[in-house]
Amino acid sequence: MRKNNLEVYNTLTKKKESFVPKEEGHVRMYVCGPTTYNFIHLGNARPIVVFDTIRRYLEYLGYKVTYVQNFTDVDDKIINRANEEGQEPLQLSAKYIDEYFKDADRLKVKRANIHPKVSEHMEDIINFIKGLEEKGYAYEVDGDVYFSVRKFADYGKLSGRSIDDLLSGARVEVDQKKNDPLDFALWKKAKKGEPAWPSPWGEGRPGWHIECSAMSCKYLGQEFDIHGGGYDLVFPHHENEIAQTEALTEAPMARYWLHNGFITINQEKMSKSLGNFFLLREILEKFDPMVVRFYLLSTHYRSPLDFDNEKLEVAQKGLERLKNSYFQLNNGLKNAGSFPNGDKLKAAAQKCRSEFEEAMNDDFNTALAIASLFDLAREVNTYLKETDLDKESLLAAKEVFEDLLQVLGIVFAGHEVSDKKLDELINLAISLRQKARAAKDFATADWLRDRLKTAGVILEDSPQGTNWKLEGETKELMEKIMEIIIELREKARKNKDYPTADLIRDNLKDVGITLEDTPQGTTWK
RNA sequence: GGCGACAUAGCCAAGCGGUAAGGCAGAGGACUGCAAAUCCUUUAUUCCCCGGUUCAAAUCCGGGUGUCGCCUCCA
């Protein structure tokens, strides 16, 4: 366990507090997940990434984390959508739960320990409501069950409003069935054609808020450590959860309430009702998932984050800088030895780690934490200009780099490989050989054929052109062929045959491969 | 109408009482056969405005102005 003095901003107390879990060394957290009637949009992605990062940092500190994220799979919007599409509601939501995981996986969001669904917790929910009824906090009216808000003295403590404020600002049409306009539904009587479950109050389904109370209680118990979600859940969702849970258990529901700010478009909240939302997968068509993740973490989680393509492009460039540095670091490691010139780098690595931790300890300030990574990248890049590289120092920097990227959930993909690219590369190699043959440079042509053969690409010349066969895995083949092409270009450069060298570089660019000449040799990406 | 948040360079964004991080963009220079990448220098006498507290304020207090959010489903 790392020593820490983590402070988190608690919506409940409206200030930063020292973070102390109820059980030493173990953090229990619950994060409100999506209602699954569509693909997730960027606004949904923010809390997912933010709380995943918080979880990763807690784990980095050495805590055991029990992470629960629910799916709301029984809901009006799901039912409506399913009716429109002539589908079963639960089928529809199951589909979007699948799709949710596809998106979350691409963003490198770790799976929760438990992903409870409403549809699978009817008994827990019903028992919870029964308990409230027994305690006098709930009442039934014609198959509906409501929570008596006025019976719960602390109502409003999370969102900071009084019952009178709520009444004066009420925009809701008063439902005559309720005893009090503020009361909210715990259980809704089934309408015709709706999914319904049997209950002591007849066929019906749960209200929205009760699921989180019942499921968090079931998996995390009383007074769990962190309850998270978007800021728009503070009222009424979380307020109502508190009322239900605390009325029943007579214990605090959660110790720390964390809420992330909104994604905005032109300064306006991105939301389904405004229709100004972007589906995550639309964005992932244009941008690497890691760029999106990096962008989401480049601002403090409680601040609003404005979205447009340009901002993603900036994030992309920034991440690229880190990525270049990280890969050049690995490249430098190949020929590193033991030299006494790495003290500054080692110190920088250590400084980076401590600044990163300090930033994260201050209410998960990822924006500041990322800045420490940029500082390390600069030191690494500077050190890489040395002719003698010290392995131990490079490894120290690499370890910090990797540990911290792991916390952020950023993974740098290695060389992108695909069969299509492999084909293009081989065709390029063949055309280069053809060029040599045309120039009667048979030495080079044969050299190329032999080297390719060793690599697993067998060329066969025929009157119709050159055919080829492959032996081996795509990834290995690509690495080897690149090695050969770079070697070929190196030869040309030595002979000051720059037109050929540049032609090779340009052709590679067309395939989507960029060459970089460094003191340690040429690398590609 | 009630409640709340925020305003920092061309853009994004930290800092939240001790004399303005970081990224992107721009300018100049270095390296390079040319590129790419990288490095160095440079870019806010000042943090929306006006008062106040303090030896000291972007940071605290009061008053404006502007933007946004919640009070209805929302992450």
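Predicted model: local features only at pLDDT ≥ 70, side-chain atom pairs only at ≥ 80, totals over all residues.
**View 1. The parallel sheet of 4 strands.** This sheet is open, its strands follow the order S4-S3-S9-S10, and the pairing is parallel. Strand S4 (64-69) and strand S10 (254-260) are the edge strands, each with pairing on one side only. From one strand to the next the twist averages 20°. Between strand S9 (residues 224-230) and S10 there are 6 bridges in the parallel sense. Within this pair, Phe 224 is found opposite Ala 254 of S10.

View 2. Two helices are shown here, H6 and H7. Helix H7 (residues 234-249) packs on the sheet and touches S9 and S10, with its direction at about 155° to that of S9. Helix H6 (residues 210-220) lies across strand S3 (26-31), S4 and S9. The direction of H6 makes about 160° with S3.

View 3. Strand S5 (residues 138-141) is joined to strand S6 (residues 144-147) by 4 bridges in the antiparallel sense. Glu 140 stands opposite Val 145 of S6. The hairpin of S5 and S6 has 2 residues between the strands, and Asp 142 in this hairpin has a positive phi near 50°. S6 in turn runs antiparallel to strand S7 (residues 184-189), with 3 bridges between them. Val 145 has Trp 187 in S7 as its bridge partner. S7 also pairs with strand S8 (residues 204-206), again antiparallel, over 3 bridges. Trp 187 stands opposite Pro 206 in S8.

**View 4. The mixed sheet of 3 strands.** The strand order in this open sheet is S12-S11-S13, and the pairing is mixed. Its edge strands, strand S12 (268-269) and strand S13 (305-306), each pair on one side only. Strand S11 (residues 263-265) makes 2 bridges with S13 in the parallel sense. In this pair Thr 264 is opposite Asp 306 of S13.

**View 5. The protein surface around RNA strand B.** Of the RNA strand B atoms within 4 Å of the protein, 61% belong to sugar and phosphate. Helix H12 (residues 366-383) contributes the largest share of the surface near RNA strand B, with 8 residues. Sorted by class, this surface has 16 nonpolar, 21 polar and 20 charged residues.

**View 6. Side-chain contacts with sugar or linking oxygens of RNA strand B.** The side chain of Asn 44 has an N or O atom 2.9 Å from a sugar or linking oxygen of RNA strand B. For Asn 324, a polar side-chain atom lies 3.3 Å from a sugar or linking oxygen of the RNA strand. In the side chain of Asp 232, an N or O atom is 3.4 Å from a sugar or linking oxygen of RNA strand B.

Conventions
Residues numbered from 1 in each chain as written. Chains lettered and ligands numbered in written order. Heavy atoms only, no water. Pairing = 2+ DSSP bridges. Axes fitted to C-alpha atoms, helices over the stretch in contact; angles between N-to-C directions. Contact = heavy atoms within 4.5 Å. Near = heavy atom within 4 Å. Polar contact = N/O pair within 3.5 Å; in protein donor to acceptor, adjacent residues only side chain to side chain. Nonpolar A, V, L, I, M, F, W, Y, C, P; charged D, E, K, R; others polar.
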